[in-house]
Amino acid sequence: MYECRNAKHFFGLILLDILVFSICSAFFFIGKNLFNSSADVNSEKSVFLPVIMYHSVFSGTPEEYIVTPVQFENDLSWLAENGYTSVTAQQLTDYVDNKGNLPKKSVMITFDDGCYNNLSDVLPLLEKYDMHAIVSVVGQYTDVIAENDPHIPAYSYLTWDDINRLICSGRVEIGNHTYNMHSFKGDRKGCSKNTNENEEEYNSILTADLSRLQSEIYEHTNTLPVVFAYPFGFISDESLPVIRELGFTITLTCSERPNYITRNPECLYGINRYNRSGFYSTEEFMNKIFKE
Ligand SMILES: [Zn+2]
């Protein structure tokens, strides 16, 4: 009995040891993996990126989509003094493709519509403050309107020559803002899908429009945009497959929220932007967009 009891006790202790060892191993395994995953998150921490959306910059009365050159210069001066670097589309795609890093204090500067004053008033200030920007043009504005009525800072659009001057400056990348869908036509808002058309019809209309502008930009400038800006921020679920298919790697919306850029290329589809209304002071606007 004694021996038997001892043997039971002995085997009981072994079982207890195995149990304790198993539990410890399990906790060690879980803990190790928890530790590893938090280390991964830390080493690949997302980069906070506010994106500013400008339109027209000229010496008129400030409006929702118009800032004066003085306001624009104040903005750039504030960014420079506070240590911010304006990142390019190329830097963003390099980052998500693991080919480069982003500055800790990053901002992105964008202009929609392709106003002529982006050359006459904006470019000299980008050069003065060592900043970069993306200018997303509307094909028809450049092809038709700008060619017929060029170079009035208050209302003209960029001609193809102007766009080439922007590209040659090394300060500006060109984005696609549709060839002729920057409008409200019937049921269609911007380049969103009409409720009365099927997906196939919509795909072919959107593909024809965007690829026409891509071809024209390539023909006139020998560059091919990777950035697409949704007119007025109207987005359909059906748009993105077409946009991807045409080779765009970044899409710009009008949702006023910050972005958190990771190493995942998907995070560049649907970049949020803050409209820089002329009704704000520089300090008011910057305090709004740099609030994490
Ligand atoms: Zn626009």
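## Helix faces and a helix pair

The chain holds nine helices and 15 strands, taken as DSSP runs numbered from the N terminus (helices: H or I, at least four residues; strands: E, at least two). This is a predicted model, in which local features need pLDDT of at least 70, side-chain atom pairs count only at pLDDT 80 or more, and totals for chains, interfaces and linings use all residues. Residues are numbered from 1 along each chain as its sequence is written.

**The chain overall**

- Of its 292 residues, 34% count as buried; that is, 20 or more other C-beta atoms, placed from the backbone, lie within 10 Å of the residue's own.
- Among contacts with a separation of 6 or more, 66% join residues 24 or more positions apart, a contact being two C-beta atoms, placed from the backbone, within 7 Å.

**Helix H3 (residues 89-96)**

- Ala89, Leu92 and Tyr95 are the buried residues of H3.
- Those residues line one face of the helix, because they fall within an arc of 125° seen down the axis of H3; the arc is that of the directions from the helix axis to the C-beta atoms.
- As a reminder, an α-helix has 3.6 residues a turn, so residues three or four places apart point the same way.
- After H3 comes Asn98, with a positive phi near 65°.

**Helix H6 (residues 160-168)**

- Which residues of H6 are buried? They are Asp162, Ile163 and Leu166.
- Here the buried residues fall within an arc of 100° seen down the axis of H6, so they too line one face of the helix.
- Their cover includes helices H4 (117-128), H5 (139-148) and H7 (199-221), along with strands S7 and S8.
- Gly170 follows H6 and has a positive phi, near 75°.

**Helices H2 and H4**

- The axes of H2 (residues 69-81) and H4 come within 10 Å and cross at roughly 20°; axes are lines fitted to C-alpha atoms over the stretch in contact, with angles from 0 to 180 degrees between N-to-C directions.
- That makes H2 roughly parallel to H4, a label for angles under 35 degrees.
- On the H2 side, Pro69, Phe72, Glu73 and Leu76 make the contact, and on the H4 side Asp121, Val122 and Leu125 do.
- By class, this contact has five nonpolar, no polar and two charged residues, where Ala, Val, Leu, Ile, Met, Phe, Trp, Tyr, Cys and Pro count as nonpolar, Asp, Glu, Lys and Arg as charged, and the others, Gly among them, as polar.

Conventions. Buried ≥ 20, exposed ≤ 12 C-beta atoms within 10 Å, placed from the backbone. Parallel < 35°, antiparallel > 145°, perpendicular 65-115°, else oblique.
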